[in-house]
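Subject: Structure handover and findings

Dear colleague,

Please find below the structure that I am handing over to you. My findings follow it.

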Amino acid sequence: LQPHSQTLPFGQVSIFKVGGGPRAPTTALPIGQQSSSDPLRVTTVAPSMSLLNAVLAVSHGKSNADLLSSNVAGFVYVTEVDMQKKQFTYVSPSAGELPSR
């Protein structure tokens, strides 16, 4: 494999997370109560150092609602996050730009 490294400003990408976070087991909830956590909730992720070493899916979706029903174009691996320059570096299995926002 020959991964290709590219650097992008934060403003050229939108990063989302799917899922509602940790979910309490049903045995920990009051009787008859349902968990309010939505496993299909789409939320925006602000660029931060937490993206370092993350694997991100690249989606063909054009809006938040499209993310869950659109195809995944591939995956990228974040190798560097520069908060001062407001950019991040990633490696992908093929050269070329990411699909448009």
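This is a predicted model: local features need pLDDT of at least 70, side-chain atom pairs count only at pLDDT 80 or more; totals for chains, interfaces and linings use all residues.

**Overall organisation**

The chain has six strands and zero helices, so that reading from the N terminus gives the order β-β-β-β-β-β. It comprises 101 residues, of which 21% count as buried. Among the contacts in the chain with a separation of 6 or more, 56% are between residues 24 or more positions apart.

**Aromatic residues**

How many aromatic pairs does the count come to? The count, with ring centres required to lie within 6.5 Å, comes to two. One of them is formed by Phe 10 and Phe 88, which are stacked, with 6.3 Å from centre to centre and 20° between the planes. Phe 10 belongs to the loop between strand E1 (4–9) and strand E2 (16–18), whereas Phe 88 belongs to strand E6 (residues 87–92); the pair therefore ties together parts that are 78 residues apart in sequence.

Both partners fall below the 20% limit for burial. Phe 10 counts as buried because its relative accessibility is 13%, and Phe 88 counts as buried because its relative accessibility is 4%.

Phe 88 also forms an aromatic pair with Tyr 90, and this pair is tilted: the centres are 6.0 Å apart and the planes make an angle of 40°. Tyr 90 is buried, as is Phe 88. Through these ring pairs, Phe 10, Phe 88 and Tyr 90 are linked into a cluster.

**Thr 89 and Ser 92 in strand E6**

Thr 89 is a residue of strand E6. With a relative accessibility of 11%, Thr 89 counts as buried. Its side chain is joined to that of Thr 7 by a polar contact of 3.0 Å. Leaving aside residues up to four places away in sequence, Thr 89 touches Ser 5, Gln 6 and Thr 7, together with Tyr 77, Val 78, Thr 79 and Glu 80.

Ser 92 is likewise found in strand E6. Is Ser 92 buried or exposed? Ser 92 is buried, because its relative accessible area is 8% and the limit for burial is 20%. The side chain of Ser 92 reaches the backbone oxygen of Ser 94 at a distance of 2.8 Å. With residues up to four places away in sequence left out, Ser 92 touches Pro 3, His 4, Phe 75 and Val 76.

**Thr 79 in strand E5**

Thr 79 has its place in strand E5. A relative accessible area of 34% makes Thr 79 partly exposed. Beyond residues up to four places away in sequence, Thr 79 touches Leu 52, Thr 89, Tyr 90 and Val 91. Thr 79 and Leu 51 are 28 residues apart in sequence, and their C-alpha atoms are 8.8 Å apart in space.

The largest pocket holds about 780 Å³ of space. Its lining consists of 30 residues, and those that lie nearest its centre are Ser 14, Ile 15, Ala 57, Val 58 and Ser 59. Two or more lining residues are given by each of E1, E2, strand E4 (55–59), strand E5 (72–82) and E6. E4 supplies the largest share, four residues. By class, the lining of the largest pocket divides into 16 nonpolar, 10 polar and four charged residues.

The second largest pocket holds about 160 Å³ of space. Which residues lie nearest the centre of the second largest pocket? They are Val 76, Ser 92, Ser 94, Glu 97 and Leu 98, out of a lining of 15 residues. Val 76 and Ser 92 also touch each other, and the side chain of Ser 92 reaches the backbone oxygen of Ser 94. E5 and E6 are the elements that give two or more residues to this lining, and E5 gives the most, with four residues. The lining of the second largest pocket has nine nonpolar, five polar and one charged residues.

With kind regards

Notes
Residues are numbered from 1 along each chain as its sequence is written. Side-chain values use heavy atoms; hydrogens and water are left out. Rings of Phe, Tyr and Trp (its six-membered ring) pair if their centres lie within 6.5 Å; planes under 30 degrees apart count as stacked, over 60 as edge-to-face and the rest as tilted. Buried means under 20% relative accessible area, exposed over 50%, partly exposed in between (1.4 Å probe, protein chains only). A polar contact is a pair of N or O atoms within 3.5 Å; within protein, one must be able to donate a hydrogen and the other to accept it, and residues adjacent in sequence count only if both atoms are side-chain atoms. Contact means heavy atoms within 4.5 Å. On a 1 Å grid over the protein atoms alone, a cavity is a set of points where a 1.4 Å probe fits but cannot get out, and a pocket is an open set with protein on both sides within 12 Å along at least five of seven lines; lining residues have an atom within 4 Å of a point. Grid points are joined across faces, edges and corners, and a volume is the space filled by probe spheres set on the points. Ala, Val, Leu, Ile, Met, Phe, Trp, Tyr, Cys and Pro count as nonpolar, Asp, Glu, Lys and Arg as charged, and the others, Gly among them, as polar.
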